[in-house]
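Welcome! Here is a friendly briefing to read alongside the sequence and the structure.

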Amino acid sequence: MNADLQKGRNFYQLTFEMIEVNFGAAVYRQMSRWLIEEIKFKIGEVACQTVGDTTYYYTHQTREQINRFLSKLSGIEVFELHIVLQEFSSFKSCLSEEDQASLPVSYCHQWFEDYITEWFTIAKTKIRGRIHFAMEFDKELNTQPQGVVIDVQDEGPKPQPALTVPLKVKYSSSSVEAVQAFSQLREFWHQLLWPDKYTAYPFILLIVEATTTAAVLYSNLLWKRLRDDSNCFGEKGYFLVNKKVILYMNNLENVHYDLNQLEEAIGLDDVLQAVINKEQQIAAEMLCAKVTNPIEKAQTHVRTMIDCFVRSVAYHVS
């Protein structure tokens, strides 16, 4: 159906415009009616509830009926159905805003709210599992230190040129895996094509919670591994500046950088602006703080670990 609509736009729209006929709008209205009739046939008439002259497409009653229908499908099928409906809905731009608002397909995304919430809740647990697994099998962190070694607790003369020797370091596999997990979660959100900024708030909150708690978990596991790694400390317990220690810090910096990009990556400003426009001031401020505070706390948590190392090294080599 979506492919047919696109072909119609590509090959017939300009032709019909010559006789002042909006081909896309006419076809879309007809196909939209067919689609809703098919949905009613599959789910039942309760998929749409009419009260007086108003038809509601998402109420407590329709929610239960739709969830029962979706429960018969696999997770992949539910996801594909959501995407197909969202792609079909995107073609409604050929209609006026008033006509768009009256179309049932404009509200189909709401039918999947419970399932999307469940997906993100599961994702939060799976990301934490991925981080534990990645830390356990991080080959780079399990190797002996390489590169320049400077014992910062050594009170003897310190070779200044050694401090400027470039250390060719990169992120270890656990850091790459953690950041990749965060990125995949955001990519999944973008693929859902959620059309409404205001109702996107609960999902954005779940993404933030999953990302920030996992980032804090990873930084804690990494810091503990660093503190337990005898290859990273001199005889008096001070940090050695070697490739492995720098690798630990780069891993933390990699996660910290990803946290700094989180708000922009999920379009947080637009979502919060929609919340401010819809809610009373006090409620809006509370909702905004609920989603921004975890990001700030996670950023500070990781940054504190990095600063601790930097200050320690700076003090003992000065």
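Leaving out residues up to four places away in sequence, serine 219 touches Leu252, His301, Val302 and Met305. Serine 219 is found in helix H10 and is buried, with a relative accessible area of 0%. Please keep in mind that this is a predicted model.

**The protein as a whole**

- The secondary structure comes to 13 helices and 4 strands.
- The protein has 318 residues, of which 42% count as buried.
- Among contacts between residues at least 6 apart in sequence, 77% join residues at least 24 apart.

**The largest nonpolar core**

- The largest nonpolar core has 81 residues, and the members that touch the most others are Phe120, Trp189 and Ile204.
- Helix H10, which covers residues 201-228, supplies the largest share of this core, with 15 residues.
- If you set aside neighbours within four places in sequence, phenylalanine 120 is in contact with Leu185, Phe188, Trp189, Leu192, Phe203, Leu206 and Ile207.

**Helix H7 and its residues**

- Helix H7 takes in residues 113-136, and its 24 residues should span 34 Å at 1.5 Å a residue. The C-alpha atoms at its ends are 35 Å apart, which agrees with that expectation.
- Several residues of H7 are buried, among them Tyr115, Ile116, Trp119, Phe120, Ala123, Ile127 and Ile131.
- Glutamate 113 lies in helix H7. With a relative accessibility of 17%, glutamate 113 counts as buried because the cut-off for buried is under 20%.
- Glutamate 113 and alanine 200 are 87 residues apart along the chain, and their C-alpha atoms are separated by 9.6 Å.

**How H7 meets H9**

- Two packed helices are described by the angle between their axes and the distance between the axes.
- For H7 and helix H9 (residues 173-191), the axes come within 9 Å and cross at roughly 165°.
- Angles over 145 degrees count as roughly antiparallel, and H7 and H9 are therefore roughly antiparallel to each other.
- The crossing of H7 and H9 is right-handed.
- On the H7 side, the residues that meet H9 include Trp119, Phe120, Ala123, Ile127 and Arg130. On the H9 side, the residues that meet H7 include Ser174, Glu177, Ala178, Leu185, Phe188 and Trp189.

- Leucine 193 lies in the loop between H9 and H10.
- Phi of leucine 193 is near 55°, a positive value in a residue other than glycine.
- Is leucine 193 buried or partly exposed? Leucine 193 is partly exposed, with a relative accessible area of 41%.

**Helix H11 and what follows**

- H11 has 23 residues and reaches 31 Å from its first C-alpha to its last, close to the 33 Å expected at 1.5 Å a residue.
- Asparagine 251 has its place in H11, which runs over residues 243-265, and counts as buried at 0% relative accessibility.
- Which residues does asparagine 251 touch, not counting residues up to four places away in sequence? They are Leu141, Tyr171, Ser172, Ser174, Ser175, Tyr218 and Leu222.
- H11 is followed by glycine 267, which has a positive phi, near 65°.

Technical notes:
Residues are numbered from 1 along each chain as its sequence is written. This is a predicted model: local features need pLDDT of at least 70, side-chain atom pairs count only at pLDDT 80 or more; totals for chains, interfaces and linings use all residues. Side-chain values use heavy atoms; hydrogens and water are left out. A nonpolar core is a set of buried Ala, Val, Leu, Ile, Met, Phe, Trp, Tyr and Cys residues joined through side-chain atoms within 4.5 Å. Buried means under 20% relative accessible area, exposed over 50%, partly exposed in between (1.4 Å probe, protein chains only). Helices (H or I, at least four residues) and strands (E, at least two) are DSSP runs, numbered from the N terminus. Contact means heavy atoms within 4.5 Å. The expected span of a helix is 1.5 Å times one less than its number of residues. Axes are lines fitted to C-alpha atoms, for helices over the stretch in contact, and angles run from 0 to 180 degrees between N-to-C directions. Angles under 35 degrees count as roughly parallel, over 145 as roughly antiparallel, 65 to 115 as roughly perpendicular and the rest as oblique. A crossing is left-handed if the near helix is turned anticlockwise from the far one by less than a right angle, and right-handed if clockwise.
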